[in-house]
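Biologist: I would like to learn how to read charged pairs and helix contacts in a model. Could we go through this one together?

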Amino acid sequence: MPRRASAPQPIALIGPGRLGQALGRLLAISGERIGWVAARRLSAARQAVRFIGAGHAVTLESAELAQVRVLLITTSDAALPSVAEKLAGRRDDWKGSVVLHTSGAWPAGGAASVLAHLRSRGASAGSFHPLQTVPSREAGVRNLAGCSWALEGDRAATQVARRWVRMLRGSAFIIDSDRKAAYHAAAVIACAGVVTLMETSRRLLDRCGVAPNKARNMLQAFVSETARNFAELGATRALTGPAVRDDWPTINRHIAALSEESPEVARLYRELTRQMLALRGNERGLT
């Protein structure tokens with residue numbers, strides 16, 4: 001008779017915020033066993049269990065967490081070091097255990113591993129970070145399925161992460177542990193940076209008499225087309241505007257107008273223009 005596949009180890013999900021709840025729900029739907037959901041407050045853990053649809057609600061102090069073989073830490077970046085150290089102290093021997101976190105900024109592998117205390121006790125540590133925005137747990141359920149995931153860390157842990165990515169119909173790419181912060185900065189520039197630029201544009205349009213809802217809808221279509229051009233044509237061909245045409249009279253008019261409207265935005269415009277000129281290999285003319 002063919003061997004039956006072993007049942008997956010139950011997962012302890014630690015720190016169920018927006019990402020943790022969305023990911024927990026998707027993994028549970030995909031057939032993974034969410035055994036425990038741990039939060040600082042039991043009420044928060046219970047609320048997360050209801051959304052995920054699986055798991056036993058516990059606090060971070062629960063003795064049950066010391067027996068878990070697969071831990072998924074989805075806390076905030078700021079809380080991750082202290083939570084990881086506290087978990088490591090639950091037992092001396094973590095051999096055979098896998099610990100994964102979802103932080104984009106903290107490495108799990110390498111000399112600067114945020115999971116060093118767990119690794120030193122024998123755990124295999126890794127991270128998998130979604131290159132996706134998760135403004136709410138509901139949005140995360142929609143957006144995380146099929147997205148790209150950055151993986152790094154020890155082999156056994158990244159193998160588990162790859163399996164989860166396949167279950168979520170996503171794609172995985174490997175990054176070096178010592179480049180983790182640079183990777184996350186790139187993600188922030190492309191996501192939060194774009195939102196900030198769009199809001200800056202919306203506020204300027206508001207001063208020009210365009211209603212906020214109208215401006216947001218127009219900018220959504222405008223930026224979506226720009227992103228499509230970037231993907232299909234590459235940066236240099238997708239780049240448009242006066243910096244591409246060496247239209248210095250227009251650039252100078254922009255700077256003069258922005259200096260009156262908002263000196264801070266004028267400085268931002270100057271720096272963006274420098275980057276545009278550098279992208280097309282021309283940095284002359286801007287002072």
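This is a predicted model: local features need pLDDT of at least 70, side-chain atom pairs count only at pLDDT 80 or more; totals for chains, interfaces and linings use all residues.

Biologist: Which side chain meets R90 in a salt bridge?

Modeller: Start with the general idea. Side chains of opposite charge can pair when their charged atoms come close. A salt bridge needs a side-chain nitrogen of Lys or Arg within 4 Å of a carboxyl oxygen of Asp or Glu. Here E61 is the partner of R90, at 4.0 Å from N to O. E61 counts as exposed because its relative accessibility is 56%.

Biologist: Where in the chain do E61 and R90 sit?

Modeller: Helices (H or I, at least four residues) and strands (E, at least two) are DSSP runs, numbered from the N terminus. E61 lies in the loop between β3 (56-59) and β4 (70-73). R90 lies in the loop between α3 (80-88) and β5 (98-101). The pair links distant parts of the chain, 29 residues apart.

Biologist: How many salt bridges does a search of the whole structure find?

Modeller: It finds 14. One of them joins D93 and K95, at 3.8 Å from N to O. D93 is partly exposed at 43%, whereas K95 is exposed at 59%.

Biologist: What does R207 pair with?

Modeller: R207 forms a salt bridge with E261, and their closest N and O atoms are 3.0 Å apart. R207 is in helix α8 (residues 192-207) and E261 in helix α12 (residues 248-261), 54 residues apart. E261 is partly exposed, at 41% relative accessibility. Salt bridges can also share partners: E61, K86 and R90 are joined into one network that way.

Biologist: At what angle do the axes of α7 and α8 cross?

Modeller: Axes are lines fitted to C-alpha atoms, for helices over the stretch in contact, and angles run from 0 to 180 degrees between N-to-C directions. The axes of α7 (residues 180-190) and α8 cross at roughly 25 degrees and come within 3 Å.

Biologist: Which residues make the contact?

Modeller: Contact means heavy atoms within 4.5 Å. V188, I189 and A190 of α7 meet A192, G193 and V194 of α8.

Key
Residues are numbered from 1 along each chain as its sequence is written. Side-chain values use heavy atoms; hydrogens and water are left out. Buried means under 20% relative accessible area, exposed over 50%, partly exposed in between (1.4 Å probe, protein chains only).
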